[in-house]
Amino acid sequence: MDARLIRDTAADGAWNMAMDEALARVVGETGVPVIRFYRWSEPTLSLGYFQSYGQRQSHQASQDCPVVRRNSGGGALLHHHELTYSLAIATGTYPREQSLYDILHGSLCQSLANQEICANQWGRPTDTTRESEFLCFRRRTSPDVVVGDWKILGSAQRKRRGVVLQHGSLLLATSACAPELLGIAELAHPLDENALVNDWVDALKHSLNWTMVPSIADTGEREMAQSIRNDRFLKREWTERRA
Amino acid sequence: MNPETLLYAESHEWLHAEDDAVGKVATIGISAFAIEELADIVFINLPDVGTEVNAGQEFGEIESVKAVSDLYAPVSGEIIEVNSSLPDNLETLNQSAYVEGWMIKIRMRDESELAKLMDFAAYQKQCEQ
């Protein structure tokens, strides 16, 4: 199967979330999976779909950061020194015996090993004592990728109309806006990010038996993202929909 | 309710239809299979009584540690009752998916929509695929 591979430039939070949503909608029409790697143009706090907006008051270090609410669930993320991926895929077009989390996270662990970083999936049941932590990286679920006991990759999904949108954040280094979290640079050494993405894509190609076709978001997709950005992710009613 | 006598949508909602004095009322929930697939459910958002829905339209959302998923109305009509205790008692979904775990009741607009749903055997087959 062919899949589109988009290596995107850095953008603001509302654009990044809108582009993920636009690509998921396109996948609903075409059935062609899209994997996108991207960065954030400024440190940004993203809230999980059901999180209360007011909870951000509990996190002092990110008070001055712009905030965006995701379509996906889970805890808040401080996007700064990170590599973000998103995968939009039609249900039924990937192996059922393995979860998308395990596919993406397992292949990342292999790729990190190529750079002599020992990471693995947490592999234990959800830690219910940490379920109410504000930050996603303070929570633990089985597929999370950890170095030692430090979570370095967390992902979340939104399922809608036969399409799964999964996006996740790889913590490259500590941010002053979330100093309690350590990234790969602190836990091991700085990554060769370009090599990591190449290795990760190669590992995914093998595990999913895909051909990755380099791609960009076309004009129609960008217009759709712009519209979603303006109508949803920039709207205060969306961001503060749960006070 | 016996799961073998219910009707099912592709999106894993179950439906039990019965007549009252006015017409047909559909009780709707999600299947035990879907609940198991979702794993640990942490939040559910249900609509207000009086909301009109069309078949295939979202009526709510459910969050588990794995994903946020939409809930779809298998039939069209007015939502006349909502299981308002469910959001605060999510364990009910695991304990009693087909009785205490019901989510909404819809006064149906078009009984012919029932023919588009699967019976238990067809739904089982879908789950095995």
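The model is predicted, so local features need pLDDT of at least 70 and side-chain atom pairs count only at pLDDT 80 or more, while totals for chains, interfaces and linings use all residues. Residues are numbered from 1 along each chain as its sequence is written, with chains lettered from A and ligands numbered from 1 in the order in which they are written.

Where the chains meet, 11 residues of chain A and 10 residues of chain B take part, a contact being two C-beta atoms, placed from the backbone, within 7 Å. Across this contact, two bridges link strand 9 (residues 150–160) of chain A with strand 7 (residues 68–72) of chain B, and the two run parallel. Here R158(A) has V68(B) as its bridge partner. Strands are DSSP runs (E, at least two residues) numbered from the N terminus, and two of them pair if DSSP finds at least two bridges between them.

Chain B also holds an open sheet of six strands, ordered 1-2-3-9-8-5, with antiparallel pairing. Strand 1 (7–8) and strand 5 (52–53) of chain B each have a single partner strand, so one side of each lacks a neighbour in the sheet. Within the sheet, four bridges connect strand 3 (residues 24–30) to strand 9 (residues 104–108) of chain B, and T27(B) stands opposite K105(B).

The loop between strand 7 and strand 8 (77–82) of chain B contains V75(B). This residue, V75(B), is buried because 27 other C-beta atoms lie within 10 Å, the cut-off for buried being 20 or more. Among the residues that V75(B) touches are A26(B), I106(B) and M108(B).

Technical notes:
Buried ≥ 20, exposed ≤ 12 C-beta atoms within 10 Å, placed from the backbone. Lists of a residue's contacts leave out its neighbours within four places in sequence.
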